[in-house]
Amino acid sequence: MPAQNNSYEFKAEMKQLLKLIVHSLYTNPEIFLRELISNSSDALNKIRFMRSSGQDYINPELDLNIKITLDKENNLFTIEDTGNGMTKDELISQLGTIASSGTLNFLENLAKENNKIDANLIGQFGVGFYSVFMVTDAVSVETKSAYPNNDAYIWKSNGLDTFTIEKCDKATRGTIISFKLKDEYKSFLEDFNIKNILKKYSNFVDFPIIVNNEVVNTLNAIWHKKKEDLQVEEVNEFYKFISNDFQDPLGYLQVNIEGNINFKALLFIPNSAPENIFRDLYDKTLHLYSSRVFIQDNCKELLPDYLKFVQGVVDTEDLPLNVSREVIQASPLISKISKLLTSKIISWLESWAQNDKEKFNTFYKNFGSLFKTGINSDFANKEKIFELLRFESTSITKGETTSLHGYVTRMKPDQDDIYYVLGEHRELIENNPKLEYYKKNNIEVLLLSDPVDFFTIPYIFEYQKKKLTSIEKAQIKSTENNDIDNKTKETNSKLIDIFQEILKNKIEKVVESNTLIDSAVTLSAGTNAMDPQMERMMKMFDKSYTDSKKILEINLKHPLIQNLAKLIEKNEKDKNVSEYINLLYSTALLIDGNLKTTNEFVEQINSLILQSTTNELSN
Ligand code: ADP
């Protein structure tokens, strides 16, 4: 790089890079603005640092800000800051070479692959400044270092092979970058255009950005404020800005981690849920900043899926500016941040559960379904998630909920299992005949009607060493019925045989029920079968799914069953017996929501009514 008349030649690799920028870098040209703003913001941050560390620097009276002038008449774009500027040596070394040696190779390979490079990538290699050559053919950089006793210099380049450096008469500290826009990029001289881009990428840069004499960034990087300085109003305003929500959030949490990993976060839980949380939260989660400069929104890697209802920003100084999505996806730093955020959010919810039940319940009502899926995915925090689950239950007033912990404290001394029943909605669940036994014996049962429960709750398996058991599959030991005479035993076994014979193609077997109190019959899962409610769910998703055969439980004490037994006693061949048994079987299917065709059922009932009315008339 020999100097001739203040003219310097770019190194070969730099030339290649510039060529790549001009010819291959053409998606997102507005990125140039983000890069320039971020450099200015860095330069201003350095002044802040010099000030706070008591260093000597010139023009301490200057405000820290970034000024953009859009001069349409002369087609001139100017961006000026009062940052630390550059010395002559710095100009040569910072704006003449590529910082990282792998940069060029990487960019070349990318360009070969798809003939174009996303400008977003440019910043990560410490060459963001050059993205300006996407939109212009020539740039000048006037700069004066903040260190005392330095001259001011102007750097000029056409972005091809050379640059010049000459003294200039800039009087004060800082940098002025100016250039004419290529014809196709003249729109970058439009006020509203620039303001929109700034809003998108630099709104929270916490130095004023002034466009044609108007400050355009109203909000500061408020997550950098001390907890005690944060005003609820500004926090809420910030939330609305980033989330496009019109309501205030349910709550916010400020996180400040320092040490091996450094980041700040401002997190929000919305007050209401979108229509379909599984679909509508897909593209909405945390924004990622690097040292106050916006990197990307919806940074999926920052939170596990089940916490995606959380909105807000994460800002880390440990991440190089402007990393690509690809880099973020594979970043160990991001995955560590995600783990820390997860445990902070869980503790936050724990504190709501303990100290602000109303808030917690609103959260749970809105986002509980999504949150529960953490059971299936976040094994490290499984136990904590268990504590935060809430359920309706037979021992709790309708509309209120209990935790598993609450359930366990109410368990009977000899009770080993936590019982639950799944169903489509509360009413259907409450009519499940299998609940009768539990009601009669005052055993609490969790009533689960959220479709997500079907896929999550059975996978808890155990809580505080108590098995979670569906009442559909619970093995209830018989406590009564042992003192019946031989004759009754015989009648009963005959009755069971006849049931078995008539329904043999439809069910696995018939057994005497230990659980039914008011109902005559019920179906339960076969020996190795799935919970029948679960099975219903399977059928909704997979039309070709075929039911497993069920066990028919009959309540031998039920008057209806006893009548049947007497009928059989009188006349084993009574032609109505088969009809009655089939009808009973249909009612059991109906209660479970598994009756396939109603026609047959209606026909059976009609024939029964006909028969009984005919009988009455003939009497
Ligand atoms: P990066 O900012 O990632 O290091 P750039 O190519 O954007 O890469 O900038 C190269 C260097 O030029 C910066 O690191 C900084 O030292 C210097 N620089 C660029 N713009 C400014 C500015 N406005 N004020 C002071 N220094 C600047």
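# Legends to the close-up views

**View 1. The buried residues of helix 18 pack against strand 18 (417-422), helix 14 (426-430), helix 16 (453-456), strand 24 (550-554) and helix 20 (575-592).** The model is predicted, with local features requiring pLDDT of at least 70 and side-chain atom pairs counted only at pLDDT 80 or more, whereas totals for chains, interfaces and linings use all residues. Residues are numbered from 1 along each chain as its sequence is written, and side-chain values use heavy atoms, with hydrogens and water left out. Helices (H or I, at least four residues) and strands (E, at least two) are DSSP runs numbered from the N terminus. Buried denotes under 20% relative accessible area, exposed over 50% and partly exposed the range in between, for a 1.4 Å probe and protein chains only; contact denotes heavy atoms within 4.5 Å. Helix 18 spans residues 532-541, and seven of its ten residues are buried, so the helix is largely enclosed by the rest of the structure. The buried residues are Pro532, Gln533, Met534, Glu535, Arg536, Met537 and Lys539.

**View 2. Helix 20 passes helix 21 in a left-handed crossing.** A crossing is left-handed if the near helix is turned anticlockwise from the far one by less than a right angle, and right-handed if clockwise. The axes of helix 20 and helix 21 (residues 598-618) come within 10 Å and cross at roughly 135°. Axes are lines fitted to C-alpha atoms, for helices over the stretch in contact, and angles run from 0 to 180 degrees between N-to-C directions. Helix 20 and helix 21 are therefore oblique to each other; angles under 35 degrees count as roughly parallel, over 145 as roughly antiparallel, 65 to 115 as roughly perpendicular and the rest as oblique. Asn576, Glu579, Tyr580, Asn582, Leu583, Ser586, Thr587 and Leu590 of helix 20 meet Phe601, Gln604, Ile605, Ser607, Leu608 and Gln611 of helix 21. The residues of this contact comprise six nonpolar, seven polar and one charged, where Ala, Val, Leu, Ile, Met, Phe, Trp, Tyr, Cys and Pro count as nonpolar, Asp, Glu, Lys and Arg as charged, and the others, Gly among them, as polar.

**View 3. Strand 3 (residues 66-71) has one covered and one uncovered face.** In a regular strand the side chains alternate between the two faces of the sheet. Ile66, Ile68 and Leu70 form the covered face of strand 3, and Lys67, Thr69 and Asp71 the uncovered one. Two strands pair if DSSP finds at least two bridges between them. Strand 3 pairs with strand 4 (residues 76-81) in the antiparallel sense over six bridges, and Leu70 has Phe77 of strand 4 as its bridge partner. Four residues lie between the strands of this hairpin, in which Asn75 takes a positive phi near 50°. Strand 3 also runs parallel to strand 10 (residues 209-211), joined to it by three bridges, with Ile210 of strand 10 as the bridge partner of Lys67.

**View 4. Three strands form an open sheet in the order 22-24-23, with mixed pairing.** Strand 22 (507-512) and strand 23 (521-524) stand at the edges, each with a single partner strand, so one side of each has no neighbour in the sheet. The twist averages 25° from one strand to the next. Strand 22 and strand 24 run parallel and are joined by five bridges; Glu512 stands opposite Ile554 in strand 24.

**View 5. Five strands form an open sheet in the order 17-19-18-21-20, with mixed pairing.** The edge strands, strand 17 (392-393) and strand 20 (462-463), each pair on one side only. Strand 17 runs antiparallel to strand 19 (residues 445-448) and is joined to it by two bridges, with Leu446 as the bridge partner of Ser393. Strand 18 pairs with strand 19 in the parallel sense over four bridges, and Leu446 is the bridge partner of Tyr420. Both faces of strand 19 are covered, with Val445 and Leu447 on one side and Leu446 and Leu448 on the other, all buried.

**View 6. Asn212 and Lys465 are shown for their backbone angles: phi is about 45°, a positive value, at Asn212, and near 65°, also positive, at Lys465.** Most residues other than glycine have a negative phi. Asn212 lies in the loop between strand 10 and strand 11 (214-215) and is partly exposed, at 31% relative accessible area. Lys465 lies in the loop between strand 20 and strand 21 (466-470) and counts as exposed, at 76% relative accessibility.
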